[in-house]
Amino acid sequence: MTHQQPKTLKKRADIALHDDFLRKAVRFTTDRLRGRKEESSGALGDWEEWRERGRQVRIHTVANLDYYLGEFTKNMETAGGHVHFAADADEARKIVAEIADSKNTKIFAKSKSMISEEVHLNHMLEEKGIKVVETDLGEWIVQLAHETPSHIIIPAIHKNKSQIQELFEDEGHEKLAPETKVLAGFARRRMRETFEKADIGMTGCNFAIAESGSVVMFSNEGNARMVSTLPKTQIIMMGMERVLPTWVDLELMANLLPRSATGQKLTVYMSAVNGPRRAGELDGPEEVHVVVLDNGRSKILGDPEFQDVLNCIRCGACLNVCPVYRQVGGHAYGSVYPGPIGAVLTPLIAEDKKAWGELAYASSLCGACYVACPVKIPLHDMLVHLRRRHVEAGYSPVSEKIAFAGFGAAAKSSGVFNSAANAARWVQLHMIGDRSDQTDGPHGLEAAGPVAGWSNHRALPSPQKESFHDLWKLLKDEPAETPGGTDGKRDTHGA
Amino acid sequence: MKVSLFVTCLVDQFFPDAGASTVRLLRRYGCDVSFPPGQTCCGQPAFNSGYVNAAREAAKNHYKNFADADYIVSPSGSCTGMVHHYYRELFADDPVMLEKVSAMVDKTYEFSQFMVNVLGVEDVGATFPHRVTYHPACHGMRLLGIQEEPMRLLRAIRDIELIELPKAEDCCGFGGTFSVKLSDISGAMVTEKSEHIEETRAEYLISTDMGCLMNINGNLRRRGSKVKIMHLAELLYHASADK
């Protein structure tokens, strides 16, 4: 699943659709998270009002990102931290490599960070001979399997317990009981060793607070706190949009994010880093480096159709409700960020817009993502807008261009449109026949042409002898019937 | 009350009875129903596929046919959703058209919304002694905010046994061109939808959109299922006819 993925969405989805373990595991976990989210967001009172507040805070922050990022940087540097700006993934890797070299690093401990996935950091460090250890349980599982996360919050959502047991037994060369407690215990033992030996600890950032220059991390396993406390050097990597103006804003987000992500009222650990260890303090790193990554984000700033995607707080709620993600999981998207947010974000930040543009089509446009989003990002609208840009750039298939040029011309006139539709109906009625009752596979004409895919899973609709246009000739002079039911008497309008 | 029927291409070509049932019900409650014969398609297939110019041509034709209507009613939340949610965007660069189109958008209603919120009708006097489940169509539910209206109409039917559909709010996988472009993902989605429908042991599946119903029905037939599909307007009309 990692290194040699098929190049098209359709082929990657095909692999997932044939993986029953994966599909069961994804359904099981997303169902549980959806249920919990409903419970915990309901408990807050007017959830819609909370969402609107979240949206307003994020819109304001992103609209004034230069100011708040500047304030954050100034305050972090005043506290003794080093802030580096990376224009792209390559620069981000170079900055980390230089820090790692200067510390003569052998072991590099990481807590969960999607941004480090985005810049493909581990690969670069491993090539330098550095041992990289993921300390988030899910991330570690994925690392042991030589895979990538398939969910932004639950990296190993696609794995079941026995697959995890196997991975751990291979890693530890010991037999383990297939119990969650035993498996977690094994991981805990291994993690402790890493925390103590690591030269550098690296974390992501949930929110950077501008007014105090702090970095706040949410975690459930406590590993982020270990990684940011024990090693002498800490590196924090963050997307440039991950800022909040004040601690008051954090309170709002601390309510929205865990409830949306996992249905928790509060994250188990909320850790704040306010620069390196100060004189008299007992713990904390001696050096703190913050790498702020652009990697295509500044191009989205100022784009009225897409700027709001930078409001995302990476909770993964849109993945948990997405009916496409539910069927195929995260790897089918082929991108670092899967699901609806990934289908929007990836084509926007990618260099190769033609290849990644196809992700915008991985949606039935049902709108569940928008309803789930705690900051109300209109992802379903953005998917349609991305498709338009894909078409405008000339990347859509020729057959489709011809079809829609024909559609546009025909839709201008009912004569053309309806005679074309009538002709199609006539062909179906006379040449294909009524297959609406068939229960076996496709055959004959039905399996050919553009509807072949449809016919693999569905019978075609029964052909009709008359269209509504035909029917109207009789219907238009039909007299009105008398209303029945208790609401009949309300009829006072007259015809 | 003058109502213009926006029938939608799918109903026109494949499910004319849903259109006829809508007309007959509206007439019962005093609506003077007309059918602008020049109507074609709202443009949604083109718009959702990224072909904005083709969609705009369809929208212009739609406007030409419905500009003078007092009320526009459609047996589809999806096509009504296209008009409500995206028509203004299509004419954003043309302030004159934008104003005109906006006025038309405001007069456009999905069938169940119009029945309940405009006509004030919930009980049409129908009797239907069958086990029924209801699929809330995504665009009606999320683009138009239709939640309660279809349920009120359904609950008022005598002798009906309404069974809640598990995971009702999950998309059936239709998504227009999505069902052809990524037909296997769409197929997996509709298969799960059919499984949930079968779990209810319902005899009938009701919805407010023929796109969803066509998709689900196609899969139910393939599975050899006995569940029958019906548009809400068809159920309400046929179960209350001759009264």
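This is a predicted model: local features need pLDDT of at least 70, side-chain atom pairs count only at pLDDT 80 or more; totals for chains, interfaces and linings use all residues.
Residues count from 1 along each chain as its sequence is written, and chains are lettered from A in the order in which they are written. Local features need pLDDT of at least 70 and side-chain atom pairs pLDDT 80 or more, while totals for chains, interfaces and linings use all residues; side-chain values use heavy atoms, leaving out hydrogens and water.

**View 1. Chain B splits into two domains.** Domain 1 covers 2-118 and domain 2 covers 131-238, with bounds from an automatic or database domain assignment. Their centres, taken over C-alpha atoms, sit 22 Å apart.

**View 2. Here is where the domains of chain B touch.** On the domain 1 side, 28 residues contact 22 residues of domain 2 (heavy atoms within 4.5 Å). Together the domains bury about 2200 Å², with 69% of that from carbon and sulfur atoms; this is the accessible area (1.4 Å probe) lost when the two parts are put together, summed over both. In domain 1, B:Leu10, B:Phe15 and B:Val116 lose the most area to domain 2, together 20% of what that side buries.

**View 3. Now for the polar pairs between the domains of chain B.** Across this interface, 9 residue pairs, both at pLDDT 80 or more, are in polar contact (N or O atoms within 3.5 Å, one able to donate a hydrogen and the other to accept it; residues adjacent in sequence count only if both atoms are side-chain atoms). Salt bridges between the domains number 0 (a Lys or Arg side-chain nitrogen within 4 Å of an Asp or Glu carboxyl oxygen).
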